[in-house]
Amino acid sequence: MTHAKFANDAEIIEFVLTNTELFTDTSALRVEEIGDGNINFVYRITNDQKSVIVKQALPYVRIIGEGWPLSLDRIRIEAQCLKEEGTWAAEYVPVVYYFDQARSAFIMEDIGDHENLRHALIARRPLPELGRHLGEFLAESLFHTSDFYLDTYQKKAAVADYINPDLCKITEELFFWDPFCDHERNSVNPPLQEAAQALWQDDLLKVEAAKLKYHFMNDAQALLHADLHAGSVFVKADGTKVIDPEFAFYGPMSFDIGSIIGNLLINFSGQLGLEGDLDEKQAYREFLLTQIDNLWSTFVMRFKALVSKKCKDPVFSAAAFVDAFIAQTWHESMGYAGTEIIRRTIGLAHVADLDSIEDINTRAVSEKFALDLGSALIKQRQDIKSPQVLKALVQAI
Ligand code: SR1
Ligand code: MG
């Protein structure tokens with residue numbers, strides 16, 4: 001596919017004016033490049049009264065360059081997935097106004113009154129509804145794209161429509177390969193070298209990570225966001241929006257649930273090393289564990305309600321099957337939380353919850369906690385029966 005990167009601001013404005021009717025006064029429109037992600041270009045087009053976002057994909061990874069080519073089909077997948085999620089969980093995703101295949105770009109609602117969740121967590125913002133919102137988003141989007149809801153033909157067509165090999169390959173490598181060996185793409189804080197070396201020698205950990213990887217690659221349960229880290233979530237006091245589902249594909253529900261729980265636990269791991277008052281840090285750690293509990297209890301309640309109301313299959317709706325499915329999803333989520341924590345600590349794509357701790361020795365203390373927690377979550381996932389057991393595990397490390 002040829003690619004037509006916007007050459008200048010005028011082209012971006014023209015793209016918005018031609019394909020939407022959002023602006024009547026076009027004289028004062030201006031463009032800001034606001035993307036801080038690893039992969040794409042994101043622009044805000046505004047006249048100070050109104051604004052929209054244009055997202056454009058390039059045929060390679062933005063932070064790496066042309067040496068890491070990437071399929072442009074990901075932008076179709078992202079726009080389509082946002083629309084699908086919007087059907088079931090409209091409150092939690094931006095509206096997509098227009099998608100243009102030739103431009104590899106789409107136009108969507110500006111959620112600029114929200115803040116990136118990672119920044120909000122680092123700033124210790126009170127977000128009492130966070131867990132409930134995430135639990136509702138996950139239950140609605142995962143249930144309605146699974147065999148609990150779709151018929152045979154709808155489900156198989158959806159799996160085919162979301163085949164996303166380039167983006168899955170990134171995850172297969174960055175989550176499940178690099179961090180478990182001394183890979184050149186890894187980035188290890190020098191005082192953490194010894195702990196990383198020990199992790200690379202841990203055969204039991206590698207076996208359990210392999211099981212999770214295999215499950216990720218082969219269990220097409222539902223349409224996943226598939227990159228549900230704290231940078232893909234935007235928040236304000238009473239609202240939550242989930243963006244950036246370009247990694248979307250059909251995989252195990254636990255991967256999404258575990259990824260976002262992993263990000264809350266990464267912030268937990270970094271808290272003591274970050275700036276601020278010790279009592280506030282401890283209180284925020286409690287808040288994070290409460291939000292994990294809220295996320296999971298909301299997910300379970302909403303998922304079960306949806307099965308009762310909408311699942312037509314007599315065996316999938318059997319209560320004992322649903323209970324067993326949910327219990328196994330929790331265990332696997334703990335494992336995927338562990339893989340997310342480990343790859344963000346010693347892999348390629350680090351996060352500010354740990355990296356913004358300036359002193360490398362103080363940072364290494366938080367990073368060691370993260371590695372120990374990640375390893376325990378992977379190896380002991382079948383023993384972690386509930387958020388309460390998770391809390392006890394976290395406190396024991
Ligand atoms: C090269 S891409 C690195 C990471 O950024 C994305 O948001 C995904 O999390 C990916 O693993
Ligand atoms: Mg992203």
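The model is predicted, so local features need pLDDT of at least 70 and side-chain atom pairs count only at pLDDT 80 or more, while totals for chains, interfaces and linings use all residues. Residues are numbered from 1 along each chain as its sequence is written, and chains are lettered from A and ligands numbered from 1 in the order in which they are written.

Let's start with the ligand. Around ligand 1 stand Asn38, Ile39, Val61, Ile170, Leu174, Asp227, His229 and Ala349; a residue belongs here if its C-beta atom, placed from the backbone, lies within 6 Å of the molecule. By class, this shell holds 5 nonpolar, 2 polar and 1 charged residue, where Ala, Val, Leu, Ile, Met, Phe, Trp, Tyr, Cys and Pro count as nonpolar, Asp, Glu, Lys and Arg as charged, and the others, Gly among them, as polar. Domain 1 (9-109) and domain 2 (115-396) each supply at least three residues of the shell, with bounds from an automatic or database domain assignment.

Next comes the sheet. Helices (H or I, at least four residues) and strands (E, at least two) are DSSP runs, numbered from the N terminus, and two strands pair if DSSP finds at least two bridges between them. Three strands form an open sheet in the order β8-β10-β11, paired antiparallel. Because β8 (115-116) and β11 (239-242) at the edges each have a single partner strand, one side of each is left without a neighbour in the sheet. Strand β10 (residues 233-236) is joined to β11 by 4 bridges, and valine 233 has valine 242 of β11 as its bridge partner.

Now for helix α8 (residues 203-218). Its 16 residues should span 22 Å at 1.5 Å a residue, and the end C-alpha atoms, 23 Å apart, agree; the expected span is 1.5 Å times one less than the number of residues. Leu205, Glu208, Ala209, Leu212 and Phe216 are the buried residues of α8. A residue is buried if 20 or more other C-beta atoms lie within 10 Å of its own, exposed if 12 or fewer, and partly exposed in between, with C-beta atoms placed from the backbone. The face turned away from the buried side of α8 carries exposed residues, including Asp203 and Tyr214.

| Residue | Phi | Loop |
|---|---|---|
| Aspartate 48 | about 80° | between β2 (41-46) and β3 (51-56) |

Aspartate 48 counts as exposed, with 8 C-beta neighbours inside 10 Å, whereas alanine 226, with 26, counts as buried.
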